[in-house]
Amino acid sequence: MKKLMMIPGPTPVHQSILNALSKDTVSHLDPEFVKILKETLEDLKTVVMTEKGQPFIIPGTGTLAMEVAIVNSLKKGDRLLVVSHGFFGDRFVEIAKCYDIEVEVLASEWGKIVEVEEIARKLKEKKFDTITISHVDTSTGVCAPLEEIGEILKQFPETVFIVDGVCATGGIEERMEDWGIDILFAGNQKAFGVPPGLSNLVFNEKALERRNSLGKITAFYMDVNRWLPVMRNPAGAYFSTHAINMVYALHQGLKIMLAEGLEERFKKYKRFASAFQSGLKELGFDLLAVEEIRANTVSTILYPAGIEDLSFREKLYENGVLVSAGKGVLAGKLFRLGHMGNISENEVVATLSIIEKTLSDINYDFRLGAGIGAAEKVLFAK
Ligand SMILES: *Cc1c(COP(=O)(O)O)cnc(C)c1O
């Protein structure tokens with residue numbers, strides 16, 4: 001049986017995207033490919049709401065994008081402030097340490113966020129060259145108040161503002177230009193619903209200037225200045241071979257997204273998140289993050305007493321639905337449910353129904369249909 005992939009990436013891949021992958025592999029200078037690459041770069045800008053931003057599509061995944069953002073905005077000895085809401089926030093610290101960047105961390109308890117005032121205080125205390133924040137930290141399911149943070153950062157124009165949108169871009173609104181984000185990167189295999197294999201980043205003018213001000217950096221393939229001529233004029237330059245078929249897939253993924261409409265998509269995920277959350281609450285589960293900071297792309301769902309993590313997830317998988325385990329300190333206490341990418345009500349309803357079947361299989365005490373009923377009220381109420 002094909003399993004429903006309700007994990008925070010990779011998310012289910014639409015057949016038309018799989019078909020795009022199987023198109024003929026042509027030269028990176030083939031006019032048809034060049035046209036597709038150009039459109040893909042433009043569509044990326046539309047998704048993050050920028051006109052002036054410079055997009056980059058580089059073979060890799062989200063983690064490579066994190067590293068690209070770091071090495072192009074900081075050098076050894078420069079100062080980085082990491083705002084961390086979990087596992088992926090902490091990953092920036094590890095990356096920065098590889099390059100001997102001086103890093104300070106403002107970390108929240110897992111499931112909470114660092115207050116905006118605290119970030120403001122830290123920035124006033126001393127100068128930071130760059131600040132990073134994950135829009136949604138996939139390990140904790142919390143969503144950072146980017147717009148508010150962007151507002152504060154307007155007082156610190158010398159600090160480069162990096163946003164990790166891997167678990168958010170295309171699923172939750174991100175207004176790169178209005179919110180003053182300097183480098184934003186997305187994840188192919190998360191809210192875009194495309195197979196993993198590409199790093200998608202957008203740099204604004206300030207970020208490109210920062211790259212130039214660094215001079216020689218400790219990177220070759222990850223140096224955005226080496227990719228810049230190719231991204232500006234795909235027809236005329238070679239730096240490194242594009243992942244041709246992956247670009248086809250991303251192109252199709254973006255077309256689906258834009259045809260549906262970004263606003264529609266953002267609303268849809270909010271509705272799906274609420275449906276899951278009310279359904280699961282009705283079944284006795286609780287949510288790690290409070291409502292105000294809860295992500296619409298992934299939920300972190302705490303087990304009620306009497307449910308053992310591994311046996312629940314194994315049984316659920318056997319019944320047809322894959323969810324993810326908790327990370328770090330949250331391991332065993334919760335499971336993570338992805339609800340982003342190219343999914344519809346069908347996946348939401350099927351997932352909840354199979355969760356109920358699984359709970360019944362493990363003899364958990366509940367009323368069959370209670371969760372699905374609560375979810376349907378959110379999904380189908382007039
Ligand atoms: C998944 C994820 C990453 C890492 O992306 P990979 O594609 O797995 O390398 C980074 N940041 C966030 C917020 C993520 O969810």
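In what order do the seven strands of the open sheet run? The order is β2-β10-β9-β8-β5-β3-β4, with mixed pairing; strands pair if DSSP finds at least two bridges between them. This is a predicted model, where local features need pLDDT of at least 70, side-chain atom pairs count only at pLDDT 80 or more, and totals for chains, interfaces and linings use all residues. Residues are numbered from 1 along each chain as its sequence is written, and side-chain values use heavy atoms, leaving out hydrogens and water.

- β2 (54-59) and β4 (102-107) are the edge strands, each pairing on one side only. Strands are DSSP runs of E, at least two residues, and helices are runs of H or I, at least four, all numbered from the N terminus.
- β9 (residues 183-187) and β10 (residues 198-203) pair in the antiparallel sense over five bridges, and Ala186 has Asn200 in β10 as its bridge partner.

**Salt bridges**
- The structure holds 22 salt bridges (a side-chain nitrogen of Lys or Arg within 4 Å of a carboxyl oxygen of Asp or Glu).
- Lys255 pairs up with Asp43, their closest N and O atoms being 2.8 Å apart. Lys255 sits in helix α9 (residues 244-260) and Asp43 in helix α2, so this pair ties together parts 212 residues apart in sequence.
- Lys35, Glu39, Asp43 and Lys255 are linked in a salt-bridge network.

- Asp43 counts as buried at 9% relative accessibility, while Lys255 is partly exposed at 31%. Buried means under 20% relative accessible area, exposed over 50%, and partly exposed in between (1.4 Å probe, protein chains only).
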